[in-house]
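Good morning, and thank you for coming. Please look at the sequence and the structure on the screen while I take you through its parts.

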Amino acid sequence: MNIKKAKEEIKYAIQAYLAKDEFGEYRIPAVRQRPVLLMGAPGIGKTAVMEQVARECGVALVSYSITHHTRQSAIGLPFISKKEYGGKEYTVTEYTMSEIIASVYDKMEETGLQEGILFIDEINCASETLAPAMLQFLQCKTFGAHKVPEGWLIAAAGNPPEYNKSVREFDVVTLDRVKKIDVEPDFSVWKEYAYQQGIHGAILSYLEIRKDHFYAMETTVDGKRFVTARGWEDLSTILKVYEDMNLPVEEGLIYQYLQHRRIAKDFANYLDLYRKYRTDYRVDDILQGSYTKQAVTKLQDAPFDERLSVMGLLLSRLSEGFRGAYEADLTVTGLHGALLELKERFNSPYCKETPWENLFTGLVEEREAAFTKERKAGLLEKTAEHACMRELERLHFFLAEGKRNGCREKEDAFALVKGLFAKEAEGRENAIADASAMLDNAFAFLEEAFGAGQEMVIFITELTTNFYSVKFISENGSEKYYRYNAEL
């Protein structure tokens, strides 16, 4: 199955395993909670899926790669203790707590989350001395003498033997105690994730044209040649940083991430074309509604690959606008909630004698502590995390402005803060208006170039795939999107 379906299966398993009866007991006892075993090619997103599932289910995540562990760190170190049996004292060997199990308890302490996922990657590549402990872990949910706490789902991932010489085959006894899920690479599914992560537009456009280059694993006389989803995502990150710093991007850099010479060279050539199209068609001008007739004619006469690339440029820039509007909305919504809470504290009879600065400072500190805990628990995706950071920065600014203006009474301080908040809300509305205008201008350009042809079908399909465009349009509307979506 693809990684999206696997993610659903894991979420369902967590929901079922954590379901409790009327007595507060888990409906599926721990002994019947089979570990999830994801098996698939390297770099297709098995670890990323676990992070997403934990965040969306609101549970903690502890992740380990078993290849980094020895038998001692996994099951604990031996020590001698004394015990009495039948009236006689004996020396016996016991073990300290496993580093992995201790990490679960540490995570529970620092996040306050008592339920979670213990994820062990590359589980079928454990060393020979550790392999029996891994089998015991999957079968009995223990490392040495220490059990995984109740409420924690065990998940593991491994690579098939054709990808790794160190792989050990699981026997039937072990496989009969796990939920085995085989995962295959799927570009259309990864693309949804890529839009949400803000993957570089050139990569998305290129892979739309060269879908067979999304994932490749070949064995040649010169060794392995491969390209993975992980490689594309890491390449996207470095491309963005290099572009921001005006550093040259050459084929050698691309090959460091796409370790397949032919594909790396092909993408390097495409990246040059992508940048050329951005200049030739003046994409920003198109989205500002000031495109020329020459740009329309040039695109009409262009080969199909070039048309797809230009649409990719438009979609990439639109996605940035949608994402910015979404982040601004999250920030303003968070600030609104904070100010409602601040007003309640200002009006509380219990806080009548407390200076407004103290009440405001206490509120900010509480929200910072909550943010830190959520961040440590991994419960915030990147855009939400940025919005929280922006919210806290604005609250600190509001507090400083109140002090700088010499506010003495709570009423004066709140009036000042309310005015500052209004400017933030105005900024959000401007971001939404700008994104809406860009979307309308993109539709106008494509209508003039192609009407309701196959290019418009592709454009509508991509908008429907993109998390941020779907979120934006569902909340702010788009007459042309709804019309074309119904027609096509």
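**The sheet and its helices**

Let me begin with helix 1 (residues 3-17), which lies across strand 1, strand 5 (116-121), strand 8 (152-158) and strand 9, and runs at about 160 degrees to strand 9. What you see is a predicted model, in which local features need pLDDT of at least 70 and side-chain atom pairs count only at pLDDT 80 or more, while totals for chains, interfaces and linings use all residues. Residues are numbered from 1 along each chain as its sequence is written, and side-chain values use heavy atoms, with hydrogens and water left out.

Some terms come next. Helices (H or I, at least four residues) and strands (E, at least two) are DSSP runs, numbered from the N terminus. Contact means heavy atoms within 4.5 Å. Axes are lines fitted to C-alpha atoms, for helices over the stretch in contact, and angles run from 0 to 180 degrees between N-to-C directions.

Helix 2 (residues 46-57) lies across strand 1, strand 2, strand 5 and strand 8, and runs at about 175 degrees to strand 5.

In what order do the strands of the open sheet stand? The order of its 5 strands is 2-5-8-1-9, with parallel pairing; two strands pair if DSSP finds at least two bridges between them. Strand 2 (60-65) and strand 9 (179-183) are the edge strands, each pairing on one side only. On average, neighbouring strands of this sheet are turned by 20 degrees against each other, direction ignored.

Strand 2 and strand 5 pair in the parallel sense over 6 bridges, and Val-62 has Leu-118 in strand 5 as its bridge partner. Strand 5 and strand 8 run parallel and are joined by 5 bridges; here Phe-119 stands opposite Ala-155 in strand 8. Strand 1 (residues 36-40) pairs with strand 9 in the parallel sense over 5 bridges, and Val-36 has Lys-179 in strand 9 as its bridge partner.

Is strand 5 mostly covered or mostly open? Strand 5 is mostly covered, with 6 of its 6 residues buried. Buried means under 20% relative accessible area, exposed over 50%, and partly exposed in between (1.4 Å probe, protein chains only). In a regular strand the side chains alternate between the two faces of the sheet. Accordingly, Gly-116, Leu-118 and Ile-120 point one way from strand 5, and Ile-117, Phe-119 and Asp-121 point the other way.

**A hairpin**

Strand 10 (residues 216-220) and strand 11 (residues 223-227) run antiparallel and are joined by 5 bridges. The two form a hairpin with 2 residues between them. Met-217 has Phe-226 in strand 11 as its bridge partner.

**The nonpolar cores**

A nonpolar core is a set of buried Ala, Val, Leu, Ile, Met, Phe, Trp, Tyr and Cys residues joined through side-chain atoms within 4.5 Å. The largest nonpolar core has 94 residues, of which Ile-10, Ile-117, Trp-190, Trp-232, Phe-267 and Phe-459 touch the most other members. Apart from this core lies another, of 30 residues, among them Met-39, Ile-123, Val-148 and Ala-377.

In helix 13 (residues 293-300), Ala-295, Val-296 and Leu-299 are buried. Why do the buried residues line one face of helix 13? Seen down the axis, they fall within an arc of 100 degrees, so they line one face of the helix; the arc is that of the directions from the helix axis to the C-beta atoms. These buried residues pack against helix 14 (304-347) and helix 17. The face turned away from the buried side of helix 13 carries the exposed residues Lys-293 and Gln-294.

**Single residues**

Thr-383 is in helix 16 (residues 382-404) and is buried, with a relative accessible area of 0%. A polar contact of 3.3 Å joins the side chains of Thr-383 and Arg-323. A polar contact is a pair of N or O atoms within 3.5 Å; within protein, one must be able to donate a hydrogen and the other to accept it, and residues adjacent in sequence count only if both atoms are side-chain atoms.

Finally, Asn-246 is in the loop between helix 9 (229-244) and helix 10 (251-257). At 69% relative accessibility, Asn-246 counts as exposed. Its phi is near 55 degrees, a positive value in a residue other than glycine.
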